[in-house]
Amino acid sequence: MKQSYIIYLCLFIFSVFSCEKEKPGDEDDNGRTVNSFIIDHNCATLSSIPEEWVEKAKKILHIAYSHTSHGSQLVTSMEGLIDFKGDLYLFNNGGENGALDLHDYAMSGDLGNPDRTSWEQRTREYLVNNPDVNVIIWSWCGQVSSASEQDIETYLSLMSGLETDFPDINFVYMTGHLDGSGLEGNLHLRNEQIRTYCKDNNKILYDFADVECYNPDGEYFGDKIPTDECFYDKNGDGVRESN
């Protein structure tokens, strides 16, 4: 089941930034405040993204993405999307031949590797040396599972500081992947902390954990102690016997 729905994880790149010219918190042409962009399972419908949006995204986006193991699922999904739907979804480092410009593994590590602050310094250095980049995405590995409330506050504060110092860059926040601890576990609490902050402060959030809680038909599994491998407890006996 993992491969059947994970392919849609990349669609935020073509929908979020191409369908709206304003950033969250800005005012649109009618003076209305642009709300936060929450990219979750509701954004997983390929047919809802017009081809012209994809083409526009490829023209205007220059994305730097940093991650380790779990974060690679987004890029693997984008490769699968090319096989599935063709060259319209091509990407490479530099955007050659009309492809999307995606700097994969742009900076070393992830949001918790080797610690929860050095990624911020690497971001600053990267942006100074790569002035063409206008989107920064960092992924967690498993660190949200053991993170304290203060750890997440540090993450949110550092992201906010980057936004202040680089106002022309779109910074994408992210939740941590599922770990089987369920709705009562620390992971869920910390992910909720991230979600609440992003909604309250008009941020761009890629809700990795939310996407993992649903299948392609929109069926919810988050209350069945699902793991990052999509195993879940179907009958409520505490044993994950289904996938």
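Helices (H or I, at least four residues) and strands (E, at least two) are DSSP runs, numbered from the N terminus. In these terms, the protein has eight helices and seven strands. The structure is a predicted model, in which local features need pLDDT of at least 70, side-chain atom pairs count only at pLDDT 80 or more, and totals for chains, interfaces and linings use all residues. Residues are numbered from 1 along each chain as its sequence is written, and side-chain values use heavy atoms, with hydrogens and water left out.

Confidence comes first. The mean pLDDT (the predictor's confidence in each residue, from 0 to 100) is 86 for the protein, and 85% of the residues reach 70 or more. Residues 1-9 have a pLDDT below 50; beyond near neighbours in sequence, this stretch has 27 contacts in the model, where contact means heavy atoms within 4.5 Å. The pLDDT is also below 50 over residues 17-22, a stretch with 18 contacts beyond near neighbours in sequence.

Turning to the protein as a whole, 51% of its 243 residues count as buried. Here buried means under 20% relative accessible area, exposed over 50%, and partly exposed in between (1.4 Å probe, protein chains only). The protein exposes about 11,200 Å², and carbon and sulfur atoms supply 45% of that area; accessible areas come from the Shrake-Rupley method with a 1.4 Å probe, and for residues only the protein chains shown count as cover. Among contacts with a separation of 6 or more, 69% are between residues 24 or more positions apart.

Helix H5 can be followed in some detail. The twelve residues of H5 (residues 118-129) should span 16 Å at 1.5 Å a residue, and the end C-alpha atoms are 17 Å apart, which agrees; the expected span of a helix is 1.5 Å times one less than its number of residues. Ser118, Trp119, Glu120, Arg122, Thr123, Tyr126 and Leu127 are the buried residues of H5. Their packing partners are strand S2 (62-66), strand S4 (100-104), strand S5 (135-138), helix H6 (149-165) and strand S6 (170-174).

Asparagine 113 is placed in the loop between S4 and H5. With a relative accessible area of 34%, asparagine 113 is partly exposed. Not counting residues up to four places away in sequence, asparagine 113 touches Thr68, Ser118, Arg122 and Gln143. Asparagine 113 and cysteine 141 are 28 residues apart along the chain, and 8.5 Å separates their C-alpha atoms.

The aromatic rings come next. A pair of aromatic rings is described by the distance of the centres and the angle of the planes. Rings of Phe, Tyr and Trp (its six-membered ring) pair if their centres lie within 6.5 Å; planes under 30 degrees apart count as stacked, over 60 as edge-to-face and the rest as tilted. By this rule there are eight aromatic pairs. One of them is the tilted pair of tyrosine 214 and tyrosine 220, at 5.2 Å centre to centre and 45° between the planes. Tyrosine 214 is buried at a relative accessible area of 15%, whereas tyrosine 220 is partly exposed at 32%. One aromatic cluster is formed by Trp119, Trp138, Trp140, Tyr155, Tyr173 and Tyr197.

Helix H7 (residues 186-200) holds asparagine 191, which is buried with a relative accessibility of 2%. Leaving aside neighbours within four places in sequence, asparagine 191 is in contact with Val144, Thr175, Gly176 and Ala209. Asparagine 191 and aspartate 210 lie 19 residues apart in sequence, with 9.4 Å between them in space, C-alpha to C-alpha.

Asparagine 202 is not a glycine, yet has a positive phi of about 55°. Asparagine 202 lies in the loop between H7 and strand S7 (204-206) and is partly exposed, with a relative accessible area of 24%. Cysteine 230, also not a glycine, has a positive phi of about 70°. Cysteine 230 belongs to the segment after helix H8 (208-212) and is buried, at 4% relative accessibility.

Finally, leucine 81 is found in helix H4 (residues 72-85) and is buried, with a relative accessible area of 0%. Leucine 81 and leucine 46 are 35 residues apart in sequence and 10.0 Å apart in space, C-alpha to C-alpha.
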